[in-house]
Amino acid sequence: MNYNSFAYRHIGIRKDDEAEMLREIGVSSLDELILKTVPENIRIKPLEGLDAPKTERTFLTHLKKIAAKNKLFRNYIGMGYYGTVLPGVIQRNIFENPGWYTAYTPYQAEIAQGRMEMLLNYQTMVCDLTGMEIANASLLDEATAAAEAMTMLHSARTKEKQNSHKLFVSDSVFPQTKALLKTRAIPLGIELEFGDFRTFKPRDEYYAVLVQYPDANGEIQDYRTFVNECKAHGIHVIVAADILSLALLTPPGEWGADVVVGTTQRFGIPLGFGGPHAAYFATKDEYKRFIPGRIIGRTIDKDGKPALRMALQTREQHIKREKATSNICTAQVLLAVMAAAYAIYHGPDGLRHIARRIHHNAIRLASSIDALGYKQLNKSYFDTIRIDLGEVEISKLRQIAERNMMNFNYIDSKTLSISLGEATYDESLEDIVRVFAEAKGVSPVSLPGEVETTMPEDLLRTSPFLTHPVFNSYHSETEMMRYLKKLERKDLALNQSMIALGSCTMKLNAATEMIPLSWPEFSDIHPFAPADQVEGYMHIIRELERDLAIITGFDSVSLQPNSGAQGEYAGLMVIRAYHQHRGQGHRNVVLIPSSAHGTNPASAVMAGMKVVVVKCDENGNIDVNDLRSLAEKHSNELAGLMITYPSTHGVFESAVKEITDIIHTHGGQVYMDGANMNAQVGLTNPAAIGADVCHLNLHKTFAIPHGGGGPGMGPICVAKHLAPFLPGHPIVKTGGEHAITPISAAPYGSGLILIISYAYIKMLGAEGLTNATKYAILNANYIKARLEKHYPILYTGENGTVAHELILDCRAFKRDASIEVVDIAKRLMDYGFHAPTVSFPVAGTLMIEPTESESKAEIDRFCDAMISIRKEIEEIALGNADKINNVLKNAPHTLEMLTAEEWSLPYTRKKAAYPLDYVAENKFWPSVRRVDDAYGDRNLVCTCEPTSSYAE
Ligand SMILES: *Cc1c(COP(=O)(O)O)cnc(C)c1O
């Protein structure tokens, strides 16, 4: 590896380390290890067709040129995406700070209190602004949030409504939402009816309705009579609402909404060509056990002190599998954190001020445009005005606008709309007026000063919001910076230590990959901007699609899905469309191994398929005989197989080709879950194992940071015969000739973060990518070699090696020492480490995945910690330590415990907090003791306490 190359920085192992590690494993070379690990019949030739690797420096220079092809127009397109101002303090301290963006999903609550406090703030903010009782910690985008509301209310129907399957959707809902609802409704047997809410006749066949507030045209409709009529017929009401407008308008919760959804993008989050942004979902308390996604709730720790953790986890797809009512694995935590920070920084007065300024600007603009002789059509509006151009040709006006670098929303041959945002100041308003004046050939008029609101008196908000101290304390930058630091310090992220989460691939998220995300040429682009303004983005997208196709061995790619779970769903919908297209629409059975991730069966059910579980043998491999007999049994209805490769057991199953052949023989398609792609890149690929389609978790294998639980991207890659069915989009053409309806609100999902994976591939090149895989496998096998003397390794491949991860079997400790796998997870915190994956895919085990980015020194510290913990378990087993009162059961230990006047535990403080020498160098203190999950679930509270200790 060249000292100058990015690979040298991305891969943590140095030459001398490598020799030592190989010796420990007992092989003579890295290539020998790879040959022993990856079955011969699926190995591929070296990757061809990728660009030569760039250095970090040359990459950024190159990317600047591509960025320059994006044109920075002022955007007044609206449609769910608005100009906003990201406060510098949030940009620098959260968005560009690995302390926030490299954290994992907060499953280990004691070392994730900081981001959970911010998510609790987020939930409080959403509840306050919408007037609802409970909110989750974000969803993927507004359109999927609306779809989740549709399915939640469908599954929560009362007895009387059991036969009602119709959802009425107002015509004036954003087009991308309408299109996505179609995708989600059809497989579940939900019928959609689109129409004018004013002529809607409530009948028993409807279970719910969906309206937009203010509507897609910008008009503020008064839905109160409509809602009352719906209620009288037991029909539930979903409202997609602009959260900023709710600072001024009566919130839907006050006029009877059952669910309120929307995006928090305009709370300081860059447009980013469509995302990532956090969608919100708020509802009534009575639906708390049906709510999709994650909820942060309050609870207590072992000392009875307040603590936070993810609530009601048993609703998640990981546990409920095919019975899950939704499938949100990756949320948008980082973006929810930023939106909450925006609300905290501005406070209720600041938000009101921002909303009022936007609103007044819209009125001033409307009045000036009216004065020029045009007709503004909206009666009552927040930020969007709609203009009838009269005799002025729309093409002429558009030409003038584009010459002045402005985008409007062109609705039809006579009408356009203009949506204003926080980033629009008087100068821009004057520029807009000049465009309209020029189109008419008249002189511009000046903007009025003060104006009266156009909002109906009785829809003005009177209720207070964001009254909690947290929203009223940090309005100076110094105070805000310190509040953010205070939260950041409570969380363990990759800038502290290795996070060896099996299946989650917590690798380096390199700074050079992240830097371009702050460039306005990428962050300020609207997802529906005209094609000739986004050539930079399209260049990146086309090349990324091509490179991912090369890496997977497939033909075509859709970058639309916003998470791995969405990718699974997209892939299955493509398979479904393929079968239907061939007149085989009855094929609806999908085989899924028992070891699969919970999202697999959940996605299959959402795609309208029937799940049949395939057994695994005692070595953890798919039971080929069981698979064969199930494929035969369901031959006529077989839609396909979902398989994870290498398996979730961390093994390259050598029978994989035989398995995929069996499925094809019976007319099925093979879906490969790409979560473990980090063990494949450059050595094998999904096409080589016989798959037809796969998703890739760009936030695992391709270096997008996890953001503390999102964002993510889950593009799908398909063989040629499936390419025509890749997802389309109602506004920007994507997908194939028989495109399925969209999976995400934006045409290319979260466009902004695609740049990270693009950078990763371009800087590593074919050899670097392949080396990343080899070193990931080396590191896992090195850990195996060090730990197998202390812990049983659950599964290995035919030659005794593991792939890129390994499973430690901890089940015997329960019998011998009353120690459970969570005790080990919590004890690791005292050693400064985040736990590996707990109890997946096998209960009572730990799954370790070091990735290629870690150094031998860090891996050794981790192994030392695991070995030391093993000795602590042994002390209990031998009766030298108490079965209940011991270092593991009491873990994690806080600084407060250690420095208390009293110390009554039967071991020393040093043993509690500094069990190995290296710990003292870089001690990480969990901010709470072990949290009590059951208490929090029994006493569910998901917003800030009125005078809570979280506030200071
Ligand atoms: C992470 C993971 C998923 C889900 O991906 P998300 O992006 O979190 O939705 C699915 N399958 C496996 C095996 C995974 O590890």
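**Figure 1. Contact of helix 3 with helix 23 in the predicted model****.** Leu30, Asp31, Leu33, Ile34 and Thr37 of helix 3 meet Lys774, Tyr775, Ile777, Leu778 and Asn781 of helix 23. By residue class, this contact comprises 6 nonpolar, 2 polar and 2 charged residues. Helix 3 spans residues 30–37 and helix 23 spans residues 751–787. Their axes come within 10 Å and cross at roughly 85 degrees. Because crossing angles of 65 to 115 degrees count as roughly perpendicular, helix 3 and helix 23 are described as roughly perpendicular to each other.

Figure 2. In the predicted model, Lys700 lies in the loop that runs between strand 21 (693–695) and strand 22 (716–718). Is Lys700 buried or exposed? The relative accessible area of Lys700 is 11%; since buried means under 20%, Lys700 is classed as buried. When residues up to four places away in sequence are not counted, Lys700 touches Ser503, Cys504, Thr505 and Lys507, together with Ala675 and His706.

Figure 3. Between Val337 and Tyr645 the C-alpha to C-alpha distance is 33 Å, and the two are 308 residues apart in sequence.

**Figure 4. Assigned domains and the span annotated as the glycine dehydrogenase C-terminal domain****.** The domain assignment gives domain 1 as residues 347–459, domain 2 as residues 553–761 and domain 3 as residues 765–937. The centres of domain 1 and domain 2, taken over C-alpha atoms, are separated by 46 Å. From the unreviewed UniProt entry comes the annotation "domain: Glycine dehydrogenase C-terminal", listed for residues 772–893. In the predicted model, this span of residues 772–893 is 44% helix and 8% strand. The end C-alpha atoms of the span lie 36 Å apart.

Notes:
Residues are numbered from 1 along each chain as its sequence is written. This is a predicted model: local features need pLDDT of at least 70, side-chain atom pairs count only at pLDDT 80 or more; totals for chains, interfaces and linings use all residues. Side-chain values use heavy atoms; hydrogens and water are left out. Helices (H or I, at least four residues) and strands (E, at least two) are DSSP runs, numbered from the N terminus. Buried means under 20% relative accessible area, exposed over 50%, partly exposed in between (1.4 Å probe, protein chains only). Contact means heavy atoms within 4.5 Å. Axes are lines fitted to C-alpha atoms, for helices over the stretch in contact, and angles run from 0 to 180 degrees between N-to-C directions. Angles under 35 degrees count as roughly parallel, over 145 as roughly antiparallel, 65 to 115 as roughly perpendicular and the rest as oblique. Ala, Val, Leu, Ile, Met, Phe, Trp, Tyr, Cys and Pro count as nonpolar, Asp, Glu, Lys and Arg as charged, and the others, Gly among them, as polar. Domain bounds come from an automatic or database domain assignment. UniProt positions are given in the numbering used here, feature names are shortened, and annotations may be inferred rather than shown by experiment.
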